[in-house]
Amino acid sequence: MNQYLLSIMKGQKSGFIAQLITYLLVPWSYVYGLGVFCHRNFYRLKGAYNASKPVISIGNITAGGAGKTPLVIWLARHLQDKGFKSIILIRGHMPQSSKDSDEVDMLNEQIPYIPVLAGADRVTNIRKAIGVLPVDVYIADDAFQHWPLGRDLNIVAIDAGNPFGNGFLLPAGILREPLPALKRAHVFVLTKTDGSSGIQVLASRLKEINPKALIVESRYKATGVVGVFDDGVLPENFLNDRPVVGFCAIGDPLSFELSLKNSGVKISKLFSFMDHHIYTRGDVQRMLKFCLSQDIQVLVTTHKDAVKLRVFNDLFVGLRLVYIPIQLEITKGADEFIQKVISVCRN
C-alpha cells in the first residue's frame, strides 16, 4: 500500500482512485505548507548559526530518490583531491536502537578518511568538532530545508526523470516546499539524465525559476560487482545473462531496476521496500524462498542496502548476495561546478 501511495505522489499513477486519494490529501498539503512557512520564518527572525568554515548544503526539494548521497561522495572525493579537509554532516535515518544509519555506514565504507558526523542537530555536531577535527569545509547532506544552519552554497539535486512528482506538497505529493523555493539554490545537479528525454524542458523550467543558478547534468555509473559478506570484487560480467533476484529499500527503486537492466542483468523479480526500511529475517526468508522456488542462486542489491544485510549471513547458505557500487558521473558542467565549490571553500 505504501508503494502505491508513493507512486501516486510521484505522479506515476492515474485514474479515478489515484485522483480521489490525491484530492483527499490536498487539504493536508496546505496544512503542511503552512507549517513549512512558519518554521522557515521562525528561523528568519531568530537567525541561523554561521559556522567559522564554509558550509555547503546538498539537498533537494522532494522527498527521497534524487541521488543526494552519491553527490555527497563525489563532492567529498573531489575536494579531498584538491587538498581540502571536509566534514560531512548527515542526519541519518535509522531508529535509536541502531548504531548508525545505512547512509552513514555506506559513507564510511566509500570515503573512510573523511569524518561523518550523524545527527539531526547539525549545529551541535559542528560545535563538537571545533578544535577536535581539522576542517576546511562542511558538507551538509539533506540540508536545503535545515534552517538552523547557515550555508554558503546551496546545491540541489533534482531527479531528471521525475523532478517534482505530481506537483503537490507532502503528503499529497513529494514536494517539500513550493517550487519558488528553488530560488535559494546556487547549483542544480540533474541526476539520472541518461534515462530521461526531457532534460532541456526541465533546464528551461529551472532557468525560469532561478536564472542565476548553475545547471549541471549527471548520471549513475556502475563500477563492478562486490560480494556483500566478503567484499570480494567479482568479474564485471558476473551477472551477465544470469537470472537474479534484485531488491532494495531506496527512494527510487525504478532507477535501481533500470541500472541493472542497463548492465545486462536478467531480473527475475525485484523486491522493493520503503526507503530506509529495516530488514527482518522474515523479509530475507521471503526473498530466499522465491529464489529456491525458481532455482535462482544470486541476489543483487544496492550498497546502501548491503550494509544492513551482513547480519543475515547465516541465511544465505548456498546463495550469493552481491551489490553493484554506483558512482555519480558529471556529464555536463563538471569544471564550472567544481570551480564554484572551490571558490566558496577558499572564502
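Predicted model: local features only at pLDDT ≥ 70, side-chain atom pairs only at ≥ 80, totals over all residues.
We may start with the strands. Strand E7, spanning residues 214–222, is joined on the one hand to strand E6, residues 187–191, through 4 bridges, and these two strands run parallel. Within this pairing, Leu190 has Glu217 of E7 as its bridge partner. On the other hand, E7 is linked by 6 bridges to strand E14, residues 326–332, in an antiparallel arrangement. Here Ala222 finds its bridge partner in Ile326 of E14.

Attention now turns to the open space in the model. Rolling a probe the size of a water molecule over the atoms shows where empty space is left. The largest pocket holds about 1,200 Å³ of space. Its lining is made up of 50 residues, and those nearest the centre of the largest pocket are Gly64, Gly65, Lys68, Glu103 and Asp275. Two or more lining residues are given by each of helix H1 (2–9), helix H2 (16–46), helix H3 (68–81), helix H4 (102–110), helix H7 (253–262) and helix H9 (303–309). Of the elements, H1 provides the largest share of this lining, with 5 residues. Sorted by class, the lining of the largest pocket comprises 21 nonpolar, 18 polar and 11 charged residues.

The second largest pocket has a volume of about 480 Å³. It is lined by 25 residues, and Lys192, Asp194, Tyr220, Ser255 and Leu258 are the closest to its centre. The elements giving two or more residues to this lining are E7 and H7. The largest share of the lining of the second largest pocket comes from H7, which supplies 5 residues. By class, this lining divides into 7 nonpolar, 12 polar and 6 charged residues.

The cysteines complete the picture. With a disulfide taken as a pair of cysteine sulfur atoms within 2.5 Å, the count in this model is 0. Cys38 is partly exposed, at a relative accessible area of 43%. Cys345, by contrast, counts as buried because its relative accessibility is 7%, and the cut-off for buried is under 20%.

Notes:
Residues numbered from 1 in each chain as written. Heavy atoms only, no water. Buried < 20%, exposed > 50% of the residue type's maximum accessible area, 1.4 Å probe, protein only. Pairing = 2+ DSSP bridges. 1 Å grid on protein atoms, 1.4 Å probe; cavity = no way out; pocket = protein on both sides within 12 Å on 5 of 7 lines; lining within 4 Å. Points joined across faces, edges and corners; volume = space filled by probe spheres on them. Nonpolar A, V, L, I, M, F, W, Y, C, P; charged D, E, K, R; others polar.
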